[in-house]
Structure formats: C-alpha cells, structure tokens
Amino acid sequence: MITRRNFVRGLLRFAFGISWHPSVATVAFRKRAMGEEGQAPRWAFLVDTYKCVGCGFCVKACKLENDVPYDANVTRTWVERYILTKSGEVLADTPKGGRDGFITPKVQQNTGHYREVKPEEIAKAFFVPKLCNQCENPPCVQVCPVGATYQTEDGVVLVDRQWCIGCGYCIMACPYGVRFFHPVYKVADKCNFCYHRIHQGLKPACVEACPFEARLIGDLNNPDAPVTRFINTQRVGVLKEDYGTKPQVYYAGLSKEVR
Amino acid sequence: MEVHGEAWTLKELFVYPNEYVYWSVQIVMYPFMTGVVAGAFVLSSLYHVFGIKQLRGMARFSLVPSFALLLAVPLPLLFHLLQPRRAFNVFLTPHFTSAIAAFGVVFSAYTAIVASELWFLYRKHFVTVATALREKRDRSLRETLLLLLYSALTLGAYDISENALRKDENATRVLAGIGIPVACFLHGYAGFIFGSVKANALWMTPLMPVIFIMSAVVSGIALCMLTYIVVMEVRRMRLSAVPVPHQPTREEIKGVELSEITTTAKYLVLFMIFAISLELLDLIFREYTALKSWDVLRRIIYGRDFTNIFILQYLIGNLVPFVMLLLPNLTIRRAVVSACCWCFSVCS
C-alpha cells in the first residue's frame, strides 16, 4: 500500500536519481565545467570611423555569412551616415543598413522621400559602422525570461534559437537597436562577432570584408593584441555610456551627434 | 521578405534599421486587463477589508469580472509570442533577473487567492442550489447537469450553519487582505516590466508601477461600474411592471443601483486624482529636468502624439469624466458616459 511516507520517500529517491542524469547535470554544473578550460579571451571590437568610407561590404558579408535574408529590412550590422550642415542641422540615414553603399548625396528621410544636400552646405560628414556591443552588463541577457540569451565566458552574447520564445523583451531592452526577429527562424537574432568563426581562429565576416581595416577584433585579455594596444593607448569612445551597459565595441573618432 | 513589425511600423526621420514596433496591441491589452483585474479586486476589498457597507452588492459582484478577466489575461501575451508553443519555457527555466520570469509565480498566486475568495463568497449559493436540485424528484437533463456542476462547486462542503458562514466571512476577509498587496504587486510588477526598459526613455520612470496601480484601480472600478449597471438594468427590464411578492420592484432595484454607483463613483474620483497627478508629475518633472532624452520625447509628446495624449487622453478621457462625476446629483447615465470615457482614455 502507498502510505504518505512511502510516497514522499519514493519522490525524493526519484529526484535524487534524476539529478544524476547527464541532461540535468549539465544544466546544473555548466558554469563550473566552462570555467575549468583556463583563461578565456575577452573579445572586443574596434571601429575606426576615420577609415570607414561607407562601402557597405561589411553589411553584405555579414548577411551572407550569417544567413540573414539579403533583402529583409533587418541586419546584424549596419553603417550610418551623418551629415552636419553649416546651419547646424544633423542629418542621418542608413538606407538598407548601408548595404549597397552611399552612392548619392540624397539623405533618406524614412517617410519615402529624400533630402538633397548640396556639397557647399556640408560642414562635416562621416560614417559610423554599428554592430552588437557585446556589453559587459548586457540588458538583453538581464531581461530574457527563459535564459535563451546568455553571455559566454569570452564575453559574447548568444541566442539559443531552440529555446527563445520570441517575446521581444530583449529587443525592447537593447539601447543600441541591434536585435531583431529573424524573418525565417522567428526568434531574436543579433550579431555575435561571428562566434562560429572567431572560435576557429578566423576573423568575423565584416572584418574580413572591410577593405580599409575600419573594423578590427581582438582579445582584451591579451595586452599585445593590436586592438588591445590601440584601446589602451589611443583615445576611444563607446556608444551610450550612460546606460551602464559597458559596451565592448570601441570607436576611434566618435562624434557627439552619433546616436 | 517581410520582417516582423514592418507592416505596422511607420518610420520617421532617422531610426536604427532594426527598429520596429515589436510590441503592439496585444502587449497593450495585457496591462489593461491586469489593471481591470486588480482594480476590481481592490473595489471588492473596500467592503471586505475596510468595511465600507454601501459597497456590499458591488463587492460581491466585482470579484466575478475580476476572476473572469484573470483567466483571459495570459492570452494576449501568449499570442504576441513568436514561438507560442514554447511559452511553457518560462516555467521550465525561469530566468529570475528578468521581470517577466516571475509572471508564473505571481499570476498563479493571485489566481489562487481570487478563486478561493470567490468560492467562500458564493459557497452558500452553491450549496443552496445543489441541495434544492438534489431534493427535486424528476429532474430534466439540464437540471441534472446543473446539479453535477453545483455539487462539484461546493467541493463537498455542505455545512451552511451560521457558524460555518461566519467562518466563510472571516476567510473572505483574510483572503481579501492578502489579495490587496498581491493584486498591487501583480499590476505594479507589470508596470515594472515596462518602467525598467532603459532603452525606452518614455517608459523609463520609477513612478511607472505606481501609475500603473492607480490607473488600474480607476479602470477596474470604471469597468465594474459599467458591467454592474448593465447587469442591473437587464435585471430590472426582466422584472414585470406589476410587483410580484418576494421579488424586488423595479423602483427598488433602481434605488439600490443608484446608491451603489454613487459610492463607487466617489472612489473612482479619488483614485482618478492620484492617477492623473502622478502622470502629470512625471511629465512636468521630465520637462523641468530636461535630460538628454527629453529632446526626443518633447518632439513625440508635443508634436506627433499631441492629439492622442492631450486631446484624446487628458481632455476626453480624464477631464470630461472627472467633471461629470464631480457635478452634483449623479445619474446612472452620466456614470455610464464617464466610465466609458475613462476606459477609452486607457485604450488610447
């Protein structure tokens, strides 16, 4: 006969037994297992805006490499163009994420029409490539209700496509607008520094595609890496510092107009 | 290829390429409905906990819409998910740094409280109906089914002696007492979900949970008033014009209705004052401190959304019902219009 005592005892035995099952054990002890692999790198990115010409090769390469539909109006990385006129106006646009380059002086106004700026009106103009900042304190990871987005030991924030429920809270929480819903997989998607490539010692697709070395990746834990040296010795800025996210994409030549 | 959000997003000037309105009407429905749920609960607690006698009828009534809507609350949330079949993951691997993760816990706790309070409140009714049906000889199929339903609802507790009913009442009071903070938490927590999104300057304010609770109580009371009036009017119309013994006359019902509505309206105005002052405080504070984000907000509030915010919400939704409820000699018709106005303002 099943008495209450026997039932509870059986339940405890079952719980103890199942806790040894590999699938449960990996979840419970995952953190520790990863820590034993030794000093992990801390990936960081350096964008030299002085070198960017807005060709859009990085955006093209990223879309092809990472299986983001080429013509869909979402992208893991993009290039923004800023034009400051002599009258003090700030104009910015990023048509198709800058995928096809900036071949016209007309600035997209997003409501369907364009604004033409004459060369003599321009005080200064520049391009700013954007990508995921792989924040040290990522708000997207904080708000994910199921833990489908997480930070790896080497600082990159990843999304588990099998576990994401598609609530969009992470997209709302990211101050940089790097997240979007993948049009095919219908889950949150974002730049991950081409995690599949950097793990094999390759460079991210956008870094590889940039003809002017405006984009560089490096390991902050290695003081001799060129990117680390540049960040430590030159004047660099990060985007939206006041959000407390501690972004790990550093910009050389950042201007205050950049959002 | 169509991107989620592209169909209903209107992009103006410069925005990031991935920026779309990802949270649309379903996400608006959720706080509105939890708001009504929490508000209706607070209204019923005014009688059960604070002993405001005039609200006796309303208190019994308002728990019903509260419970009914509570069951519908998770639906819009479920439908807004891009992977609704994985919704259960929230319970399997709750990630507690996320404000949404505690949803399951808070929601089930609150549902349990409201369900048990309702049961204690209507237990006598269940028992009376079940006993009456059982004693009846030749029951029709409908009556047999009703008997089954009501017997199940009694949960086997058939004792309706005075002593047992007093215990019921005590239990209701205790549950209502626990329920108030939990209801406020359920809804304040919905406010926290929005208020803590630091990427959205318009939402980001610590006042958000309090604003949510206050306007929730107002919407809850307003909706209870509306449904109460509808129910009572239907009841009144179904009565015959000629008085029948043991049944209230039309005039009596009208009298009860008006007195309940007048008292309820007083509380509606009280909470309305809190809600509106908090919202205005938030707006004025933002304007006065004029942080970096105000630059963009000002353009949205005074420019693009001026009609929505000031004309539809503040003028028609808040000021009009406020004045209508404050004018002396409140009539049912005026109460209906002002309750509608408020519900409309919340929607807009």
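This is a predicted model: local features need pLDDT of at least 70, side-chain atom pairs count only at pLDDT 80 or more; totals for chains, interfaces and linings use all residues.

My entries follow, in the order I looked things up.

**Ground rules.** Residues are numbered from 1 along each chain as its sequence is written, while chains are lettered from A and ligands numbered from 1 in the order in which they are written.

**Confidence.** I noted ipTM 0.79 and pTM 0.81 for the model. Helices here are DSSP runs of H or I, at least four residues, and strands are runs of E, at least two, numbered from the N terminus.

**Chain A.** I counted eight helices and 12 strands. The C-alpha trace spans about 95 × 45 × 35 Å along its principal axes. Of the 259 residues, 39% are buried, i.e. 20 or more other C-beta atoms lie within 10 Å of their own; 12 or fewer is exposed, in between is partly exposed, and C-beta atoms are placed from the backbone.

**Where A meets B.** The contact takes 42 residues from chain A and 35 from chain B; two residues are in contact if their C-beta atoms, placed from the backbone, lie within 7 Å.

**Core.** Which residues have the most contacts inside the largest nonpolar core? I found A:C170, B:V217, B:V218 and B:I221, in a core of 121 residues. Helix 8 (residues 208-238) of chain B gives the most to this core, 15 residues. A nonpolar core is a set of buried Ala, Val, Leu, Ile, Met, Phe, Trp, Tyr and Cys residues joined through C-beta atoms within 7 Å. Beyond four places in sequence, A:C170 touches residues including A:C140, A:C144 and A:R179.

**Helix 7 of chain B.** Its 34 residues (162-195) should span 50 Å, and the end C-alpha atoms are 48 Å apart, which agrees; the expected span is 1.5 Å times one less than the number of residues. I also saw a bend of about 30 degrees at B:G179, with B:P181 following within four residues. The bend is the angle between axes fitted to the seven residues ending there and the seven starting there.

**B:Y150.** This residue sits in helix 6 of chain B. B:Y150 is partly exposed because 19 other C-beta atoms lie within 10 Å.
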